[in-house]
Amino acid sequence: MEKLKVGVVGLGKMGLSHFAMVNAHPDVKTIACDGAGFMVDVLSKNIDTPIYRDYDEMLAKEPLDAVVIATPSRLHAPMVTAALDKGLHVFCEKPFCLDWADSQRLTDAATQKNLVAQVGYHYRYVGAFREMKRLIDAGAIGRITHVLAEAYGPVVLRPKRTTWRTDKAEGGGCLYDYAAHPLNLLNWFFGAPDRVMGSHLGQVFSEGTDDEVFSTLRWNEGPTAQLSVNWSDESHRKMSTKISLIGTNGRLYADRQECQAYLRKPVDGLEGYDEGWTVKYTTELTEDRWFYLRGEEYSGQLDDFICAARDGKAQALENGFASATETDRTMAMIIENAETGNAVGEARTGAPQPAKKRGWFGR
Amino acid sequence: MDKLLFGDNQFFGINHMSEEKARAQAMRFQKTQAIMDVLDVAYDAGINTFMCTTHDRIAEIAKRVKADPVRYADFQFYPCMPYAHKYANAVTEHGMVGALREFMPKDGLLATALTGTKALATKEVDGIAKVLIDMEMKMFEGTKTPVVFIQNVFTDLLLGMGFTRALRIFDDHIREKWGAEPAYITMNMPMLLDALEKEGIERPIICSNINKIGFRMSGGFDAYLDALKSGRVRAVAMSVYASGAIPADEAIHWISELPGVESIVFGASSAGNIHGTKALVDKYMGQPA
């Protein structure tokens with residue numbers, strides 16, 4: 001079978017590791033692309049893969065099947081547009097687009113062209129969060145009312161020079177970089193929130209953008225969630241994302257390593273989950289892919305993308321553009337709420353529950 | 001190499017099972033003395049090799065070992081470089097070139113080359129790599145370091161990109177300058193072995209996950225077993241317990257029957273676990289030579 005020709009665009013922090021993983025894939029012939037710079041310089045002298053310095057030139061000259069885009073977020077919308085115009089399958093790093101109207105437009109374009117269009121929200125490929133999703137869908141803890149979504153890590157620990165990651169206009173900041181992940185998981189579990197309130201985008205060390213995020217999200221037919229994110233927390237060795245859920249039949253907790261469930265009563269169809277605590281670890285929730293670099297989730301998402309594109313599928317298996325658009329929209333609601341102080345979105349429709357009149361000793 | 005090597009993940013809050021446990025360990029090993037106490041238990045149990053990251057805190061350990069040459073006469077380090085976080089942080093702070101410049105001798109030719117706008121010549125790139133290696137080795141001067149590893153994130157990044165010439169530079173430099181055996185940690189052993197052979201590196205020492213349940217043996221369980229049986233690799237097995245998923249006795253017994261595995265590296269924080277693993281390795285793999 002002929003190999004899938006994939007262009008990896010952007011050789012920065014994420015791009016380099018995407019490039020290494022795609023390049024090692026047995027079904028892929030890889031082309032790389034980045035502007036001039038030290039890395040391009042060193043690599044072009046030392047590896048066989050051709051490296052283009054210009055994106056348009058690569059698109060024009062190479063008969064590509066797909067692109068992996070890992071450039072600063074501001075460039076996602078124009079680069080994805082150009083790739084879709086050429087009829088290429090697209091894997092784009094998160095966050096998808098800074099203006100969710102672009103996200104929506106590109107979702108429609110990809111759907112219309114039957115292309116595999118995926119965004120790099122790798123937490124949906126972490127075994128423990130997949131297990132959490134499976135348990136939620138199986139109704140393991142009944143009606144979920146109470147959600148806490150958190151992410152902490154050591155990115156900005158002192159005032160420092162500006163890069164695109166610390167420039168809000170470029171798509172930097174704790175909301176886009178960190179909070180996007182737990183929000184994307186909440187979107188996966190519950191869809192887009194109906195109402196966002198109490199949002200705070202705070203600065204700790206950065207001047208141009210936020211270092212910490214709080215928000216309250218409400219689903220009219222679902223739970224209320226609190227989001228707590230901070231990327232100026234040195235006590236964490238690296239980014240740590242965790243979700244806790246409480247429902248009428250128990251509690252679920254997941255992070256990258258494990259999924260803990262407490263069930264008040266066993267639920268039909270969930271084998272191995274008895275009354276009380278059940279803990280599943282990465283070791284048993286993980287499957288190996290062709291190559292491991294930083295975690296199965298990174299390999300897993302690229303493998304799914306490559307296989308779907310290779311097999312001519314008309315959409316992504318997971319993390320399609322539509323789902324990333326939901327997350328972009330959720331972040332836009334948080335920004336609006338934080339800026340205006342007004343709740344964003346529709347409140348619960350239908351008659352509110354009247355407060356019971358109570359006498360002095362009334363029950 | 002000894003049959004049993006002592007690892008250091010447990011000292012630095014790395015635990016593949018639980019973030020809670022990882023944090024508890026980070027708290028427990030906050031003080032260097034706490035690390036030293038565990039190392040002493042291992043050393044007194046006859047485990048002489050400490051396979052460790054070139055973490056800043058390891059410099060403290062090296063200092064203590066050097067300070068008592070009688071007590072630690074047989075103590076040896078297998079450094080694993082680089083300590084990636086140090087570089088990742090520097091890159092975030094100073095950019096790629098700025099970070100490299102930070103690590104170069106300030107008045108040297110390489111620092112000058114990095115300041116220039118001209119593309120770096122190949123031999124300048126090689127020179128930078130060698131300076132970085134020497135810097136990582138600095139903390140071990142005056143100790144025994146017969147084997148030096150390159151960390152899996154780096155090995156595998158270079159492997160994936162096809163930049164295996166960098167591994168060759170590492171290999172040559174560790175032999176020539178440091179008189180030690182170069183070695184490789186990877187999560188993709190069969191693929192790495194092929195790539196190293198293409199670089200002319202024969203029978204390399206490779207440390208990778210090797211366990212009965214195939215946990216994180218990327219490239220496939222069978223490909224690992226084939227590589228081991230072929231005699232082309234001197235393997236060091238890590239994650240032999242698959243983070244606790246396999247009972248200790250069963251795990252070590254299984255490993256002991258594999259050809260090509262010269263050593264096992266394990267991490268533990270309690271005397272019980274250290275003595276337990278040592279006893280099992282003695283039982284199934286014989287005394288170290």
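**Strands, domains and contacts**

Student: What makes strand 1 and strand 2 of chain A a pair?
Tutor: In this predicted model, strand 1 (residues 4-9) and strand 2 (residues 28-33) of chain A are joined in the parallel sense over 6 bridges. Pairing requires at least two bridges, so these strands pair. One of the bridges links A:Gly7 to A:Ile31 in strand 2 of chain A.

Student: Why are strand 3 and strand 6 of chain A called edge strands?
Tutor: The open sheet of 6 strands in chain A has the order 3-2-1-4-5-6, with parallel pairing. Strand 3 (51-52) and strand 6 (117-119) of chain A each pair on one side only, and they are the edge strands.

Student: How do you know that chain A touches chain B?
Tutor: Contact means that C-beta atoms, placed from the backbone, lie within 7 Å. By that criterion, 33 residues of chain A are in contact with 30 residues of chain B. Helix 2 of chain A gives the most to the side of chain A that touches chain B, with 7 residues. The residues of that side divide into 14 nonpolar, 8 polar and 11 charged.

Student: How do you know that domain 1 and domain 2 of chain A are in contact?
Tutor: Chain A is divided into domain 1 (4-122 + 304-319) and domain 2 (124-288 + 325-344). Their C-alpha centres lie 26 Å apart. The 7 Å cut-off applies to C-beta atoms of two residues, and 16 residues of domain 1 of chain A are in contact with 15 residues of domain 2 of chain A.

Conventions:
Residues are numbered from 1 along each chain as its sequence is written. Chains are lettered from A and ligands numbered from 1 in the order in which they are written. This is a predicted model: local features need pLDDT of at least 70, side-chain atom pairs count only at pLDDT 80 or more; totals for chains, interfaces and linings use all residues. Helices (H or I, at least four residues) and strands (E, at least two) are DSSP runs, numbered from the N terminus. Ala, Val, Leu, Ile, Met, Phe, Trp, Tyr, Cys and Pro count as nonpolar, Asp, Glu, Lys and Arg as charged, and the others, Gly among them, as polar. Domain bounds come from an automatic or database domain assignment.
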